[in-house]
Amino acid sequence: AQSVTQLGSHVSVSEGALVLLRCNYSSSVPPYLFWYVQYPNQGLQLLLKYTTGATLVKGINGFEAEFKKSETSFHLTKPSAHMSDAAEYFCAVSDVEAGRRALTFGSGTRLQVQP
Amino acid sequence: GAGVSQSPSNKVTEKGKDVELRCDPISGHTALYWYRQRLGQGLEFLIYFQGNSAPDKSGLPSDRFSAERTGESVSTLTIQRTQQEDSAVYLCASSLTGALEQYFGPGTRLTVT
């Protein structure tokens, strides 16, 4: 069975500082990996995804993530945090090759951005 | 265009009552998913519909939970004899056939008192 671990339920950074949100996964087959963001009282919005090919994936709002197979990681980064980045972030994996399209989510990381 | 919509946005019910939650997917999206998000936790998969295929019900936590979908349109999630542990936000998502991206609705916050 696949699983996703997000290290740190809360992360606080200063505005302009580097954002690093950690995600590790386990999967029996090459995974498809996703990062979603959830703003208060809103649904989840896709930030970026990795399927195949280039391991560094760029998403919306200046975020990017790197797939590292050897480390089974898919950490999310942004060089400079903005106040509007404050939200909850979820890492997810899809086991499509095993016939499972539903996403398995991590427990989420709440990002706070301090002025 | 219109996104995934869900109703009601909030539902408070007494323990033991039945509730129905509704999801309207994006037009043309053949796949529809239901997830549950308990406070402070990630999303748990409940059920998946793809076109006219038999749904994947592997995530339903008990036989009190059921869901229906008419064709490629609206879906309803029904919880019978609600319990306090059913309190959560129920999220619906839809996607195009074969697509990986799922588009989420705003959710229904269910509170069982």
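This tour moves through a predicted model, from chain B as a whole to the interface with chain A and then into chain A.

**Stop 1: chain B as a whole**

Begin by selecting chain B in a cartoon view. The chain contains ten strands and zero helices, so that its elements, read from the N terminus, run β-β-β-β-β-β-β-β-β-β.

**Stop 2: the interface between chains B and A**

Next, display both chains and select the residues at which they touch. On chain B, 19 residues are in contact with 19 residues of chain A. The area buried between the two chains is about 1,500 Å², and carbon and sulfur atoms give 58% of that area.

Now show the side chains at this interface. The count between chain B and chain A is one salt bridge. To see it, select Lys49(A) and Glu101(B), whose side chains meet with an N to O distance of 2.4 Å. Side chains of opposite charge can pair when their charged atoms come close. Polar contacts between chain B and chain A number four residue pairs, with both residues at pLDDT 80 or more.

Remain on the chain B side and colour strand S4 (31-37) and strand S5 (43-50) of chain B. These are the elements that give two or more residues to the side of chain B that touches chain A. Coloured by residue class, that side of chain B divides into ten nonpolar, eight polar and one charged.

**Stop 3: a hairpin in chain A**

The hairpin has five residues between the strands; centre the view on Asn41(A), which takes a positive phi near 60 degrees.

**Stop 4: a salt bridge within chain A**

Finally, search for charged pairs across the whole structure, where eight salt bridges are found over all chains. One to select is that of Glu88(A) with Arg110(A), in which the closest N and O atoms are 2.9 Å apart. Glu88(A) lies in strand S10 (residues 87-95) of chain A and Arg110(A) in strand S12 (residues 109-114) of chain A, so this pair ties together parts that are 22 residues apart in sequence.

How values were computed:
Residues numbered from 1 in each chain as written. Chains lettered and ligands numbered in written order. Predicted model: local features only at pLDDT ≥ 70, side-chain atom pairs only at ≥ 80, totals over all residues. Heavy atoms only, no water. Contact = heavy atoms within 4.5 Å. Buried area = accessible area lost by both parts, 1.4 Å probe. Salt bridge = Lys/Arg side-chain N within 4 Å of Asp/Glu carboxyl O. Polar contact = N/O pair within 3.5 Å; in protein donor to acceptor, adjacent residues only side chain to side chain. Helix = DSSP H or I, 4+ residues; strand = E, 2+ residues; numbered from the N terminus. Nonpolar A, V, L, I, M, F, W, Y, C, P; charged D, E, K, R; others polar. Pairing = 2+ DSSP bridges.
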